[in-house]
Amino acid sequence: MNAPTPMAGLQPPAPLSPSAWPHLPAMVADVAGQHADRTAFTCVMPNGMNGSLSYAEVQAHSDAFAHYLRAVCQLHAGDRVALQLPNSLAYPVALLGVLKAGCVAVNTNPLYTPAEMAHQFKDSGAQAVVIVDLFADKLEAILAQTDIRHVVIARLPEFFPPLVGGIVQAVLRHWHRQVPRHALQAVTLADALALGRAAVPGPASIYREGLGPDSLALLQYTGGTTGVAKGAMLTHGNLLANLEQMLAMARSRIEPGREVVLTALPLYHIFAFTVNFLVMFRMGAHNVLVPNPRPVQNLQRAFENYPITWVTGVNTLYNALLSEEWFTAFPPRHLKAAGGGGAAMHAAVVARWEKLTGTPLIEGYGLTEASPVVSFQPLDGPRRPDTIGLPAPGTEVRLADDEGDPVAPGEPGELLLRGPQVMQGYWKRPEATAEVLKDGWLHTGDIAVRDPDGVLRIVDRKKDLVLVSGFNVYPNEVEAVLAEHPGVQEAAVIGVPDARSGEAVRAYVVRRDPALAIDDLRSHCAARLTSYKRPVHYEFRDELPKTPIGKILRKNLRAEVLSACQEA
Amino acid sequence: MLSDFETQLLSVMMMVIMLGMGASLTFKDFALALRKPTGIGIGLVTTYVLTPLVGVTLATVLNLPPAYAVGLILMACLPGGTTSNIFNYFSKGVLSLSLLMTVVSTLFAVLLVPLILGLLTQNIEGEWRIPPENVARVLFVLLVPTLIGMGLRKWKPNVGAVIEMVGGALGVVVILFLIVSWVPRNYGLLLTTPWQVYAGAIGLGVVGFAVGYAFARLVRQDKRRARTIALETGIQNGPLGVLIVLLSFEGSQQQQVLLIPVLYSLFIVLTSSALTVWFRRITAREEAARDNAKIGALPSPA
């Protein structure tokens with residue numbers, strides 16, 4: 001549809017204007033002053049109950065929390081503070097408080113098992129934790145193994161109006177029985193703020209000494225899917241650069257102080273952290289936080305009650321929304337654009353979304369180690385489905401073969417990048433760092449192709465490739481073909497050992513149409529894929545294993561098959 | 001018999017219940033409901049064909065005198081209330097379906113309740129009949145708080161959500177109120193009440209559950225949806241029935257007709273609670289079985 005304009009050779013990166021601020025607390029203070037009375041965050045429960053904080057309140061509460069950490073807990077600049085919170089009003093207060101204190105935030109998935117928590121807390125050397133009460137019992141089980149000396153407990157309906165918050169909490173505690181008993185020595189977030197305010201009145205800018213672009217802001221753990229989780233070290237400069245990079249690509253549809261963004265993805269994940277939280281905060285947007293987007297019906301009241309202008313999500317979230325009648329019958333009227341990432345978007349899903357909402361859904365590419373945004377499709381210009389667009393301003397990208405040499409134009413190669421958003425390395429893991437950071441180039445492990453116009457396409461993860469009789473099969477391609485079938489809700493493709501071809505393609509399919517049969521899929525694929533790419537095995541499932549943000553976990557499917565093979 | 005004050009209190013509570021029902025709805029819900037012919041069909045058939053038939057059949061089989069028959073048939077003709085949504089929530093039913101059926105039955109209540117009630121009470125002596133206009137008027141008046149509830153939800157989601165919960169809980173509170181204020185003063189009556197009346201009052205709910213479930217399975221709804229439909233079919237808007245009787249009869253006549261709606265309201269709380277606990281267990285077991293199937297398919301961590 002959009003004819004590519006040929007361009008010669010490698011392009012230099014588009015220029016990036018430097019951030020106006022040396023560190024995040026300076027940005028937060030400026031923005032909060034500018035938009036003081038505007039609502040910054042609203043947390044929406046599935047039944048519509050909600051609480052909100054204005055920019056001024058976020059600023060004041062996070063100042064108090066910074067004082068609590070520094071003056072009451074006696075933490076020092078650079079000390080790690082773990083945050084184990086779902087999307088809720090406690091999150092921005094705690095996170096910004098940690099940064100204002102000059103400490104380093106350690107984002108932690110609230111659904112982690114005690115063993116995973118223990119690893120992350122020990123590895124990061126966290127001295128304090130802010131945890132939601134729903135999971136306090138898990139912390140109790142492993143606290144002794146860690147260096148954590150200060151435990152702050154937050155409630156899900158933190159900062160809600162008292163009656164409403166009381167009802168939400170009572171339902172969680174007495175009906176859902178999700179608030180476990182614990183014997184932790186802990187303070188509540190409300191008490192911590194009061195202690196902080198009492199200890200030091202006034203702003204937290206007193207802790208900015210020594211804080212600069214090179215100061216560590218965040219330890220973002222990644223790689224849990226392959227062995228041990230490592231903490232990517234992201235500085236204030238990394239994050240500020242990445243938010244300017246994101247803005248450079250999306251500013252045309254982000255009006256300061258006018259946007260309402262729906263945050264259904266968890267803020268402890270780098271995608272929502274940077275794109276929804278930092279970028280939208282920087283632009284004075286109203287951020288609508290949903291604690292749990294599953295089932296997707298939990299988003300209904302958020303869409304009904306707030307004039308959502310921006311959404312970000314992963315393929316599975318968009319796909320799920322498109323299967324909801326309340327959504328398709330009344331698509332959001334104020335929407336300006338949507339951003340997709342985290343895992344490959346399927347062209348069929350993008351097409352249906354854009355047709356329904358009449359607004360663009362742009363796909364981007366990123367990874368924790370790059371804060372995370374590396375590239376995005378243009379918001380207003382021409383774009384092709386299944387591409388990840390152009391590198392963000394200030395980002396150099398090259399494609400290399402296994403020896404690190406550039407691949408020929410149009411050939412697939414590992415995507416390497418260099419730019420101001422690239423992490424400083426993995427926390428206390430020089431060997432692991434040396435494996436991915438070479439001469440300033442971040443080796444992503446993703447295989448990409450560069451089209452003649454410079455637009456990038458991700459072909460697949462290096463380790464997800466299926467090798468059928470010596471031919472590379474990219475699972476993404478096969479999944480996308482399966483997803484085109486109207487009877488298919490979603491699909492996952494992996495390689496399984498095969499006596500004849502080495503590996504064979506195996507497809508897991510969740511049906512939209514219960515009458516869909518394997519033969520329908522066979523003929524569908526036969527019409528669209530070369531023979532070696534076609535799935536040999538099909539299996540229908542009720543659902544697919546996924547990460548917290550909805551990325552399909554192919555490795556779990558592979559593990560199932562391998563264990564079945566071993567048993568046989 | 002209830003005092004004037006109690007009648008007024010009941011009316012006010014009924015208003016709040018309808019306010020809560022309104023706060024659980026949006027105009028979009030109505031529009032969505034109209035797009036779902038299966039849901040509408042099931043809702044209409046269970047509310048306005050199956051339960052009325054259950055009521056009439058029970059009244060005939062048990063050979064109830066007109067005073068009781070009218071009470072029973074009235075209860076059988078009423079739409080489902082928000083109470084059924086609460087029980088469905090607690091029993092892990094399909095909430096959207098429950099809501100849809102309540103929406104549909106309420107939407108059509110102003111028209112269908114008087115019509116069917118008139119039809120089914122044709123053979124009953126005139127003095128015992130409930131004038132259909134009366135029923136229509138009560139239902140129409142109750143539409144006002146429903147609309148206000150919808151407005152409240154749009155205006156302030158927090159207010160809407162709180163009222164939705166309060167209204168739903170009040171359905172149960174009203175029944176407790178009846179137990180506390182009505183039962184002690186009428187225990188003599190309760191002791192002399194023939195067993196047929198009890199059978200009718202309890203049977204309407206219990207047979208309603210069974211018929212609703214059977215019908216749902218017949219029209220090929222899965223088991224979880226069928227459980228939702230069963231609860232939705234058996235649970236009628238009890239307080240509404242009590243209110244209509246209070247506004248239609250006086251004196252000892254009122255007391256006699258009131259008996260079945262009150263008894264129904266008392267017993268439906270018990271039977272629905274029992275059923276809810278049971279359904280909840282079944283759903284939990286089904287969910288666990290699904291999870292186990294998945295875990296079993298995964299390799300053990302060793």
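Student: How many helices and strands does chain B have?
Tutor: In this predicted model, chain B has 13 helices and zero strands.

Student: Why does the radius of gyration of chain B agree with a compact globule?
Tutor: Because a compact globule with 302 residues would have a radius of gyration near 19 Å, and chain B has 20 Å.

Student: And what box do its C-alpha atoms fill?
Tutor: Along the principal axes, the C-alpha atoms of chain B take up a box of roughly 75 × 45 × 35 Å.

Student: How many of the residues of chain B count as buried?
Tutor: Of its 302 residues, 50% are buried.

Student: What share of the contacts comes from residues 24 or more positions apart?
Tutor: Taking the contacts in chain B with a separation of 6 or more, 81% join residues 24 or more positions apart.

Student: Switching to the contact: how many residues come from chain A and from chain B?
Tutor: Chain A puts in 20 residues and chain B puts in 15 residues.

Student: Which helices of chain A each supply at least two residues there?
Tutor: On the side of chain A that touches chain B, those are α6 (162–175), α10 (300–305), α12 (325–329) and α17 (554–567). The one that gives the most is α17(A), with four residues.

Student: How do the residues on that side of chain A divide into nonpolar, polar and charged?
Tutor: The side of chain A that touches chain B has nine nonpolar, six polar and five charged residues.

Technical notes
Residues numbered from 1 in each chain as written. Chains lettered and ligands numbered in written order. Predicted model: local features only at pLDDT ≥ 70, side-chain atom pairs only at ≥ 80, totals over all residues. Contact = placed C-beta atoms within 7 Å. Nonpolar A, V, L, I, M, F, W, Y, C, P; charged D, E, K, R; others polar. Rg over C-alpha atoms; globule rule 2.2 N^0.38 Å. Buried ≥ 20, exposed ≤ 12 C-beta atoms within 10 Å, placed from the backbone.
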